Amino acid sequence: MVVKVYGPAFASPKRVIACLIEKEIEFETVPVDLLKGEHKDPEFLKLQPFGTVPVTQDGDYILYESRAIIRYYAEKYKSQGTDLLGKTVEERGQVENWLEVEAHNFNPPIYALTLHVMFASKMGFPPDENLIKESEEKLGKVLDIYEERLSKNKYLAGDFFSLADLSHLPFTQYLVGPMGKEYMITSRKHVSAWWDDISSRPSWQKVLQLYAPPF
């Protein structure tokens, strides 16, 4: 069964697509233009009642939270492709720990930056300069903690690439690319080396090649 992924131009669906490529799972994509409001279409809302992307459709099985999706496919196809969950319970615990760090500490400030630096004008509201400054400061503090962690481990969960690293790819790509804030990464030696490593993986390079950002 081919997995359908809705909204491939946007960041969170790219998290899912990178995982599917790493796991060697066949998929196809369905465009959803958030800037045109297609995520509020009644047919789409039947799949995703909250009106966001991604959505994955695997036969009759539907998921629509990107981190839940990548956990599901990494577990379902654990013996196929790249092992993204670790080989022991302890390694899995670290993967889950740093996935939660990404979701609750890293993502809120970088999402706010993405919204106000990249999308505000396209969505018809003025960027909040105070929020941008505050979010950059918060993200910097998170990256300082990452710098300490990555001075002792090659990757966030240990010495193996995992979902914890993969989950950072889409929004960090915005940070170093369209947002022009690459100094937040390059000014931190170990974070910079980690980013160079994970962003050069063939799976992520394929995502960037196939799915341009929505602007």
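This briefing describes the largest pocket of the structure and a few local features of its chain. The model is predicted, so local features need pLDDT of at least 70 and side-chain atom pairs count only at pLDDT 80 or more, while totals for chains, interfaces and linings use all residues. Residues are numbered from 1 along each chain as its sequence is written, and side-chain values use heavy atoms, with hydrogens and water left out.

**The largest pocket**
- The largest pocket holds about 690 Å³ of space, a volume being the space filled by probe spheres set on grid points that are joined across faces, edges and corners.
- A pocket here is an open set of points on a 1 Å grid over the protein atoms alone, where a 1.4 Å probe fits, with protein on both sides within 12 Å along at least five of seven lines, and its lining residues have an atom within 4 Å of a point.
- Among the 26 lining residues, Ser12, Leu34, Thr52, Val53 and Tyr111 are the closest to the centre of the pocket.
- Because domain 1 (3-83 + 206-210) and domain 2 (89-201) both give residues to the lining, the largest pocket lies between them, the domain bounds coming from an automatic or database domain assignment.

**Local features of the chain**
- The peptide bond from Val53 to Pro54 is cis, with omega near 10 degrees.
- Glu24, a residue other than glycine, has a positive phi near 60 degrees.
- With a relative accessibility of 57%, Glu24 counts as exposed, a term for values over 50%, whereas buried means under 20% and partly exposed lies in between (1.4 Å probe, protein chains only).
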